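Dear colleague,

Here is the structure I said I would pass on. My notes on it follow below.

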Amino acid sequence: MSTEQTDMSTEQTATANASANGGGTAAETLSVTDNRTGKTYELPVTDGTLRAMDLRQIKTGEDDFGLMAYDPAYMNTASCRSAITYVDGEAGILQHRGYSIEQLCEHSSYLEVAYLLINGALPTQDQLDKWVYEITIHTFVHENVKDFMQGFRYDANPMGMLVASVGALSTFYPDANKINDEQIRAIQIIRLLAKMPTLAAFAFRHNMGQPYVYPDNDLAYPGNFLGMMYKMTELKYKPDPRLERALDVLFILHADHEQNASTSAVRSVGSTRVDPYSAVAAGVAALYGPLHGGANEQALRMLRRIESPRNIPDFLEGVKAGRERLMGFGHRVYKNYDPRARIIKKHLDAVFEVRGTSPLLDIATELEKQALDDEYFTQRKLFPNVDFYSGLIYEALGLPVAMFPVMFAIGRTSGWIAQWLEMVQDPEQKIARPRQIYTGERDREYVPIADRQSTSVAP
Ligand code: SDX
């Protein structure tokens, strides 16, 4: 619907809206009375939503801009129509293109799930073989990327290195900004999936002060990543298949999660028609935050700080008093157990069988038990999320905690790409530019510096 309202009657507007939106019938409307003017409006309801632009016709006079919706942190705002991931937060359901996360973790591989997310269907064997081959032969990065990474401090946080190096990739593929060219888009998608593990492993090796290990095209995606992380003087790195499978499942579990903060960042930055490397770099930056992808690192640090199950009651009292946050618990959408946390818990044993168990597991399971027995948490619907147990697997794999969000980023790259591609191809989408409620001063006269009084305005 255009934003310029012709002077149609409200009924005509509503009908026009309904047909323009291909939306609901006359019955699928909201009758709104503006008590400021006594006018009534019929607003179409489509897919359980109102179009925010339909509010603009509600005015108190000709020079009124019209109503907007105010929704800080987008608690109740749909930013797009998407067919990639379905989440039912109350029921704890997660599906990718209609396939349950449980089935995909049981039967699929990360690269097959990446294909599904990006292409919309499970691949045939030939399609999968070609997809895996293309990604395998693009795992190397330009040697200048190594030099670039050498410029970081020896103890630079690997997630900070990843943000920078993913963005830097855009300088190696200047035609990547031709985002309407399907062929050019396709090769950038392959490169991003292929090179993310290489950049992540290089950041780890830099952090450890160890030489970089180049990709080994004889290894599968997760095994190749383990090789680039841990290969030392052996001629050929041989990943343990149990660790390789656990890692592949972890990448699947982190692949996509509808419009989370980092995906929204990718969509918003991508809406300016920038190249996909720069858009994904924005996603990595958003994921870095401790409330999002950084939570797996904070959750493990929290378990280490608790130190023993006997300290859990005091810790939980600290959470209730607001002195602590229960990291790895709670979710904007899940008001039930995060299905991904359940699956990760199942794979802990396979990793511990190879690498030995972690004393933190007893603390984590007891902490979960006591929290879920406490109505402070159950009333707020705070259940374990994907970040609560994942850190235990990463720790068992020998990763430093600073690498945990990097592991999340590797998995989420397929989701960011799929969501970016869907946004680029969506005719409804344009540059993302929210409105605001202005609360500042108006029409002030400039004051010469000699006449100013000092103000205690915080920077
Ligand atoms: C991810 O969006 C996604 O899909 C994200 C993700 C994905 O796959 O992309 O699933 C990945 O980011 C998982 C979440 C990882 N983050 C954490 O584990 C950090 C700890 N959890 C939170 O800080 C919090 O639960 C959020 C950020 C996840 C959700 O925050 P909301 O939806 O804004 O909820 P809120 O902060 O408004 O909390 C509601 C209430 C508040 O209590 P009151 O002030 O109303 O009394 O619950 C409390 C909060 O204080 N609360 C917590 C808590 N989480 C919420 N109290 C203690 N510990 C917590 N973890």
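**Strands, a helix and the ligand**

In strand S6, Tyr 99 is the bridge partner of His 96. The model is a predicted one, and the notes below should be read with that in mind.

The pairing between S6 and strand S5, which covers residues 93-96, is antiparallel and consists of two bridges. Both strands belong to an open sheet of three strands in the order S4-S5-S6, paired antiparallel. Strand S4 (85-88) and strand S6 (99-100) form its edges, each pairing on one side only.

There is another open sheet of three strands, ordered S1-S2-S3, again with antiparallel pairing. Its edge strands are S1 (29-34) and S3 (49-50), and each of these pairs on one side only. Strand S2, residues 39-46, runs antiparallel to S1 and is joined to it by six bridges.

Next, a helix. H11 is made of twelve residues, 276-287. From its first C-alpha to its last it reaches 16 Å, close to the 16 Å expected at 1.5 Å a residue. Is H11 largely enclosed by the rest of the structure, or largely open? It is largely enclosed, because nine of its twelve residues are buried, the cut-off for buried being under 20% relative accessible area. The buried residues of H11 are Pro 276, Tyr 277, Ala 279, Val 280, Ala 281, Ala 282, Gly 283, Val 284 and Leu 287.

Last, the ligand. There are 21 residues around the ligand, and those that come nearest are His 257, Arg 325, His 331, Arg 332 and Arg 340. By type, the shell around the ligand divides into eight nonpolar, seven polar and six charged residues.

- Arg 332: an N or O atom of its side chain is 2.7 Å from an oxygen atom of the ligand.
- Arg 412: a polar side-chain atom lies 2.8 Å from an oxygen atom of the ligand.
- Phe 329: a backbone N or O atom is 2.9 Å from a nitrogen atom of the ligand.

As for cover, the ligand on its own has 1,000 Å² of accessible area, and the protein covers 75% of that.

Regards

Notes. Residues are numbered from 1 along each chain as its sequence is written. This is a predicted model: local features need pLDDT of at least 70, side-chain atom pairs count only at pLDDT 80 or more; totals for chains, interfaces and linings use all residues. Side-chain values use heavy atoms; hydrogens and water are left out. A residue is near a molecule or strand if one of its heavy atoms lies within 4 Å of it. A polar contact is a pair of N or O atoms within 3.5 Å; within protein, one must be able to donate a hydrogen and the other to accept it, and residues adjacent in sequence count only if both atoms are side-chain atoms. Accessible areas come from the Shrake-Rupley method with a 1.4 Å probe; for residues, only the protein chains shown count as cover. Ala, Val, Leu, Ile, Met, Phe, Trp, Tyr, Cys and Pro count as nonpolar, Asp, Glu, Lys and Arg as charged, and the others, Gly among them, as polar. Two strands pair if DSSP finds at least two bridges between them. Helices (H or I, at least four residues) and strands (E, at least two) are DSSP runs, numbered from the N terminus. The expected span of a helix is 1.5 Å times one less than its number of residues. Buried means under 20% relative accessible area, exposed over 50%, partly exposed in between (1.4 Å probe, protein chains only).
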